[in-house]
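Me: Could you take a close look at one part of this model for me, the salt bridges and what sits around them? Walk me through it in one go, please.

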Amino acid sequence: MEIVLNGKQVEVDGVRTVGDLLRLRNLNPRLVAVEHNGEIVPRDQYDQRELAPGDRLEIVHFVGGG
């Protein structure tokens with residue numbers, strides 16, 4: 001399936017949900033924020049939010065420092 005991830009068209013196989021995408025990308029769900037088609041996805045819905053071809057996602061990492 002083809003989606004737009006952070007502004008780039010990417011092909012993702014075996015991905016059904018936002019949670020699947022995060023696991024595929026080795027991203028810790030507690031350290032990212034996800035926007036799906038213009039809507040922020042609550043962290044507790046990552047495994048329920050289904051993706052479809054052409055969906056647009058933005059994933060932002062939280063970075064600590066000081």
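Reply: Asp 20 and Arg 23 sit 3 residues apart in helix 1, about one turn of the helix. Their side chains meet in a salt bridge, 3.0 Å from N to O. Keep in mind that this is a predicted model. Asp 20 counts as partly exposed because its relative accessibility is 21%, and Arg 23 is partly exposed too, at 49%.

Arg 23 also forms a salt bridge with Asp 47, with the closest N and O atoms 2.9 Å apart. That pair links distant parts of the chain: Arg 23 is in helix 1, while Asp 47 is 24 residues away in the loop between strand 4 (39-40) and strand 5 (56-61). Asp 47 is partly exposed, at 40% relative accessibility.

Next up is Arg 49, whose side chain meets that of Glu 39 in a salt bridge (3.2 Å, N to O). Here again distant parts of the chain are linked, with Arg 49 in the loop between strand 4 and strand 5 and Glu 39 in strand 4, 10 residues apart. Arg 49 counts as buried at 16% relative accessibility, whereas Glu 39 is partly exposed at 45%. As for shared partners, salt bridges join Asp 20, Arg 23 and Asp 47 into one network. The structure holds 4 salt bridges.

Now for Thr 17, in the loop between strand 2 (8-11) and helix 1 (18-24). Its side chain reaches the backbone nitrogen of Asp 20 at 3.1 Å. With a relative accessibility of 1%, Thr 17 counts as buried.

Terms used
Residues are numbered from 1 along each chain as its sequence is written. This is a predicted model: local features need pLDDT of at least 70, side-chain atom pairs count only at pLDDT 80 or more; totals for chains, interfaces and linings use all residues. Side-chain values use heavy atoms; hydrogens and water are left out. Helices (H or I, at least four residues) and strands (E, at least two) are DSSP runs, numbered from the N terminus. Buried means under 20% relative accessible area, exposed over 50%, partly exposed in between (1.4 Å probe, protein chains only). A polar contact is a pair of N or O atoms within 3.5 Å; within protein, one must be able to donate a hydrogen and the other to accept it, and residues adjacent in sequence count only if both atoms are side-chain atoms.
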